[in-house]
Amino acid sequence: MTEPTAVCSVCGVHRDSAGPVDAMAWVRETEDGRTRWLCPRCARDHLRDIEGKLPAGYW
Ligand SMILES: [Zn+2]
């Protein structure tokens, strides 16, 4: 089974354009049955966002 080309959902870079090592570092998220990909760079930023996010209801 061949997966469709993964595209970073943040910056839109194609996973195919990354080297094999970088391709391994891509983060795959499944949300409501849909697959989202994050390139290593965006994944790092994304994680920081999650960690830095204030809990809902804080306001
Ligand atoms: Zn990206």
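What share of the contacts in the protein with a separation of 6 or more comes from residues 24 or more positions apart? The share is 31%, where contact means heavy atoms within 4.5 Å. This is a predicted model, in which local features need pLDDT of at least 70 and side-chain atom pairs count only at pLDDT 80 or more, while totals for chains, interfaces and linings use all residues. Residues are numbered from 1 along each chain as its sequence is written, and side-chain values use heavy atoms, with hydrogens and water left out.

**Fold and surface**
- The protein has two helices and two strands, in the order α-β-β-α from the N terminus; helices (H or I, at least four residues) and strands (E, at least two) are DSSP runs.
- Of the 59 residues, 15% are buried, meaning under 20% relative accessible area, with exposed over 50% and partly exposed in between (1.4 Å probe, protein chains only).
- The protein exposes about 5000 Å², and 53% of that comes from carbon and sulfur atoms, by the Shrake-Rupley method with a 1.4 Å probe.

**Zinc site**
- Cys-8, Cys-11, Cys-39 and Cys-42 coordinate the zinc ion through their SG atoms at 2.2 to 2.3 Å; donors are N, O and S atoms within 2.8 Å of the metal (3.2 Å for Na, K and Ca).
- The arrangement is tetrahedral because the four donor atoms subtend angles of 101 to 114°, and four donors count as tetrahedral if all angles lie between 85 and 135 degrees.
- The donor residues follow the spacing C-x2-C-x27-C-x2-C in sequence.
- Both Cys-39 and Cys-42 are buried.

**Nonpolar core**
- The largest nonpolar core has eight residues: Ala-6, Cys-8, Trp-26, Trp-37, Leu-38, Cys-39, Cys-42 and Ala-43.
- Strand β2 (34-38) and helix α2 each supply at least two residues of this core.
- Such a core is a set of buried Ala, Val, Leu, Ile, Met, Phe, Trp, Tyr and Cys residues joined through side-chain atoms within 4.5 Å.

**Salt bridges**
- The count is two salt bridges, each being a side-chain nitrogen of Lys or Arg within 4 Å of a carboxyl oxygen of Asp or Glu.
- Arg-36 pairs with Glu-29, with the closest N and O atoms 3.1 Å apart; Arg-36 is partly exposed at 28% relative accessible area, and Glu-29 is partly exposed at 22%.
- Arg-48 pairs with Asp-45, with the closest N and O atoms 2.8 Å apart.
- Arg-48 and Asp-45 are three residues apart in helix α2 (residues 40-52), so about one helical turn separates them.
- Arg-48 is exposed at 55% relative accessibility, whereas Asp-45 is partly exposed at 39%.

Notes: Tetrahedral: all angles 85-135°; square planar, octahedral: opposite > 155°, others 65-115°.
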